[in-house]
Amino acid sequence: MKYSLLKIAAFIFSIAILGCDPVYDVDYQVWNASGNSITIFVDHSGERKDTNIISDDTGLIVLNASSICCTTKEFLGDLNMLPFEISLVNSGGSNYNKDAADISIWRKVYPDKAGGRGTVLLTVRPEDFD
């Protein structure tokens, strides 16, 4: 009896260990600090196109990505390109003067805990439309 309980406990423990696949969860967010509203155009790899207007001092999550493969910290560490195309225009009709698809101008915010949500953040400022 004792041996069979030990086998059952070992079996349950092995399932728990093997069943814990790492998962990442990342928000891609645009934060508008430009002083005016901005319009963003997002092309999700030809699948669909989104257009949104973001008021000043407001953020918008343009994509939430999550999957089983790695932790959020690992995913953000290996991220070298955006999974979508994006362009921005301010309320005066001026285009964003940087390459918004360049991952180097986005800030990666790592989660505090291992299973937490991360953020890839683009902050838009007034000088970005000169």
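In the protein, 68% of the contacts with a separation of 6 or more join residues 24 or more positions apart, a contact being heavy atoms within 4.5 Å. The structure is a predicted model, in which local features need pLDDT of at least 70 and side-chain atom pairs count only at pLDDT 80 or more, while totals for chains, interfaces and linings use all residues. Residues are numbered from 1 along each chain as its sequence is written, and side-chain values use heavy atoms, with hydrogens and water left out.

The secondary structure comprises 2 helices and 7 strands, taken as DSSP runs (H or I of at least four residues for helices, E of at least two for strands) and numbered from the N terminus; along the sequence they follow the pattern α-β-β-β-β-α-β-β-β. An open sheet is formed by 3 strands in the order β3-β2-β5 with antiparallel pairing, where pairing requires at least two DSSP bridges between two strands. The edge strands are β3 (49-54) and β5. Between β2 and β3 there are 6 bridges, and Ile40 stands opposite Asn52 in β3.

Of the 130 residues, 32% are buried, that is, under 20% relative accessible area with a 1.4 Å probe, protein chains only. Beyond its neighbours within four places in sequence, Phe84 is in contact with residues including Tyr28, Val42, Val62 and Trp106.

Terms used. Buried means under 20% relative accessible area, exposed over 50%, partly exposed in between (1.4 Å probe, protein chains only).
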